[in-house]
Number of protein chains: 2
Amino acid sequence: MTLSALPIENLVAALAPLLGPQGIITEAAGIERYTVDFWHQHKGTTPLVLRPDSTEAVAAIVREAARLGVAIVPQSGNSGLVAGGIPDGSGRQVVLSLERLNRIRAVDAAGGSLVAEAGCILADVQAAADGAGRLFPLSLGAEGSCRIGGNLSTNAGGVNVLRYGMTRQLVLGLEVVLADGRVWNGLRALQKDNTGYDLKQLFIGAEGSLGIITAAVLRLYPRPRERRTIWLGIESPADALRLLSLFQDHLGELISSFELIAGLGVEAANDHLPGGRRPLAEPHPWHLLIEVAWSLDGGLDVPVDRALEAGFDAGLVQDGTIAQNEAQRTAMWLIREGQSEATTKVGHVQRSDISVAIADLPALIARAEAHFGKLAPDVQLFPFGHVGDGNLHFNFLIPRDREGVPELRSLLNEHLMMLVAEFGGSFSAEHGIGRLKRGELERRKDPLELELMRRLKATLDPTGILNPGVILAAPDAPASREIS
Amino acid sequence: MTLSALPIENLVAALAPLLGPQGIITEAAGIERYTVDFWHQHKGTTPLVLRPDSTEAVAAIVREAARLGVAIVPQSGNSGLVAGGIPDGSGRQVVLSLERLNRIRAVDAAGGSLVAEAGCILADVQAAADGAGRLFPLSLGAEGSCRIGGNLSTNAGGVNVLRYGMTRQLVLGLEVVLADGRVWNGLRALQKDNTGYDLKQLFIGAEGSLGIITAAVLRLYPRPRERRTIWLGIESPADALRLLSLFQDHLGELISSFELIAGLGVEAANDHLPGGRRPLAEPHPWHLLIEVAWSLDGGLDVPVDRALEAGFDAGLVQDGTIAQNEAQRTAMWLIREGQSEATTKVGHVQRSDISVAIADLPALIARAEAHFGKLAPDVQLFPFGHVGDGNLHFNFLIPRDREGVPELRSLLNEHLMMLVAEFGGSFSAEHGIGRLKRGELERRKDPLELELMRRLKATLDPTGILNPGVILAAPDAPASREIS
């Protein structure tokens, strides 16, 4: 660890009175968990973790860091998948954890909004909305541990995007600590406010590189009163698209989730995930997990049954079941959400998060099956994801005893990205860029767009102290700064 | 007109071969309509209107203008309400009309998107979506003449925001000509794409001051199969809020419009608007126009009747009717959309476009009635607007023969803005800033937010040639440049 001791010591000295013993971690044992990513695949280094419990404390930290020229890595739930919330390997970046900034400041059921601090766990935000008879629709696998600041900073997606949009669509207002430590209070709960440039859009999805989000006004929705969760065994991704079209025809805007899962992934969950059980008696080549909901009081079975009948009549469904209670529903979602975990028990998993036009999904999958069948015949594909959004986690399973796994990972990724680019798709649909996909960004993004991004960064963080190396390369960063 | 002749002549000479005779207007008679705003209340001056018919031609114009230092005012449908699309009074600003850039480039029904050029009339975009069995939900009074470039640049609202959000929520990708004439092609149709800063958000709602939007990928939705349009006579704004809550309880996400109209405005439309007729037999103090829709095939009457019954049972509804056919529906919307036009036939109208928290609407209206009853007893209030979004067009009717109308307009506006500020509301909910509300913006906006806005402007339009004086003051602008 190349530790530039003096600025760090000065930072600690300046902040200790404000943050107190709970707010400063300097021992290696305490620091460890803030430097390792969700899948324990990447590790950075830091001499210091700061844990402020108020917006004012965050602002004070940034002011001091700016004065001393110390780089800050904002972190909330540390469940990101692109190493955007852990420090690099230089030992010069300080982690600013928002986990103690975790109050729900207000809930306005009638106005349909809620004010949450950045460190609130997503499940707690959902519960606060539910307690007021409302729905906060953001939902994803990590909802029990991810925190809303990270969801906002990565513009998180999840399983309800089809109906409610990405996190960006769920934000009415923000409170942000800027790169010079000033606080921008944009916590407006107004549904409509066209008074100049919409500054909050800059900070959503910027991964903490343009400012540090400390709180947000989030949009609440009517809470569904009736919900049907449906599991179908099907033949192919093409049939999945035909069923999506058929379901949209019968159920339109009532569909909140439309998830495709490869048979291999379902079997892996069935065999290896604690509590995982395939909802259908037999294996199928592909599966769909569909959720439909409305806020009316009764009657949802009628259009759902009509849609299912039409699917069976058209020969698109091999077998299917509807969850009869919350336990069955949870069991279905466990299979879907446990895809990554289940397959890690079978071999090495190479993950991805791509999107293409919805209509192109079957062709992309077919092309990939043929391509990787030749390129790496011992590697298995198990794509799963949000077919209603054109977003697949196109993952690969590498045999446990395979040699040269790091090189194979790079090869698989490189070839997948080429295929996705052929279809005009995105190499990061919902996970963001972080440190892991920065090279991809530099290679694949329109140079004009990169230039505009660099100009925005220079405008909002001119000294480059906010999460340097995330999304864009720090101007002076040597390669050795990278995480391992 | 202080005309700086040389740069303009050079601009015309350089662009004539590219734009052809249809693309250049220099005669005063032809120019006139590009310099006057929608309500014929404001007028600017320009020596030149350019009418490119391709993105490349727009880019060429901006390149030449940048080289010669000529300011450009982008204009599409010229139906804006804040003089953001007409030139100032200096005679030094050239109008760039996008009306010939009006092709629908593509419609993808399965993928739920459509590519429209900036000059497409909103009604034509709606029709293209409808022709593909889909809905483009943006809808507002001027939809027969406003153009999508202006809708995007002002982040237009309208009557369906409650359900589908503002224009910003309806955009997947953009094509933008930057201040140096380079073209940013961000026409991606991907539903999810978290690859770096979301640049399109910068240009939406920026009123042409950061770049010129030339085309957009717009999001389409399932087309409603059943719709009910309901007109209710009610006692008070407080009852309107109670009914909103009751309808949301019974119909949740199916409500697309929930419009409140003062009795005075309905009577004005009944008496003075061609074809206008009050949908109910008797006058009422206030009226609600509610629209409910879903994409299912039959059965919507059941929850609608339940909601209406509950409203009557609770004593919240004095009288009501449901449109039995498209003609009746159109007649109802005519009353709502004709509010401004109808009242101009009775006297001078002072308009506004404010929003507050939904729960504060009744208190704001009561406070305003008391306040203006004393301040200007001969002035009548006729607020109308989107109560489901907290957005009111809080308009005033000034007697035709009143003296000192301009001073009274300023007084009414100033006092209304003070009241709105007391409630933490917005002084421009959906119309934007343009030239007319720039002073309001400078007075009422957090200085930090203004600073950030100025930094963005300097970053994206460093020489200040894009719509100078709109949203932000042009750094060197003398007062004489203002419109009359």
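**Ground rules**

I call a residue buried under 20% relative accessible area, exposed over 50%, and partly exposed in between, using a 1.4 Å probe and protein chains only. I'm working from a predicted model, where local features need pLDDT of at least 70, side-chain atom pairs count only at pLDDT 80 or more, and totals for chains, interfaces and linings use all residues. Residues are numbered from 1 along each chain as its sequence is written, chains are lettered from A in the order in which they are written, and side-chain values use heavy atoms, with hydrogens and water left out.

**Entry 1: B:His40**

I began with B:His40, which is exposed because its relative accessible area is 65%. I found B:His40 in the loop between helix H2 (28-31) and strand S2 (49-50) of chain B. My helices (H or I, at least four residues) and strands (E, at least two) are DSSP runs, numbered from the N terminus. B:His40 isn't a glycine, yet its phi is positive, about 55 degrees.

**Entry 2: A:Glu207**

Phi is positive at A:Glu207 too, near 55 degrees, and this residue is not a glycine either. I looked for A:Glu207 and found it in the loop between H7 and strand S10 (212-219) of chain A. Buried or exposed? A:Glu207 has a relative accessible area of 7%, so I noted it as buried.

**Entry 3: where the chains meet**

Next I checked contacts, meaning heavy atoms within 4.5 Å. I got 80 residues of chain A touching 80 residues of chain B. Together the two chains bury about 6400 Å², and 55% of that is on carbon and sulfur atoms. Buried area here is the accessible area (1.4 Å probe) that two parts lose on being put together, summed over both. Which three residues of chain A supply more than any other three? I wrote down A:Lys192, A:Asn194 and A:Tyr197, with 16% of the area that chain A buries against chain B.

I also counted 14 salt bridges between chain A and chain B, each a side-chain nitrogen of Lys or Arg within 4 Å of a carboxyl oxygen of Asp or Glu. In one of them B:Lys192 pairs with A:Asp389, with the closest N and O atoms 3.3 Å apart.

Several elements give two or more residues to chain A's side, among them strand S14 (286-294) and helix H10 (301-313). H16(A) has the largest share, 10 residues.

**Entry 4: helix H8 of chain B**

I tested the length of H8(B), residues 237-251. The expected span is 1.5 Å times one less than the number of residues. For 15 residues that should be 21 Å, and the end C-alpha atoms are 20 Å apart, which agrees. Buried residues in H8(B) include B:Pro237, B:Leu244 and B:Phe247. Just after the helix, B:Gly252 takes a positive phi of about 45 degrees.

**Entry 5: B:Ser97**

I found B:Ser97 in strand S4 (residues 93-97) of chain B. B:Ser97 is buried, since its relative accessible area is 0%. Leaving out neighbours within four places in sequence, I see contacts from B:Ser97 to residues including B:Tyr34, B:Arg51 and B:Gln75. A polar atom of the B:Ser97 side chain lies 3.3 Å from the backbone nitrogen of B:Glu99.

**Entry 6: A:Ala179**

Last, I looked up A:Ala179, in the loop between strand S8 (171-177) and S9 of chain A. At 7% relative accessibility, A:Ala179 counts as buried. A:Thr463 is 284 residues away from A:Ala179 in sequence, but I get 8.2 Å from C-alpha to C-alpha. Not counting residues up to four places away, A:Ala179 touches A:Val62, A:Leu460 and A:Ile465, among others.

Definitions and conventions
A polar contact is a pair of N or O atoms within 3.5 Å; within protein, one must be able to donate a hydrogen and the other to accept it, and residues adjacent in sequence count only if both atoms are side-chain atoms.
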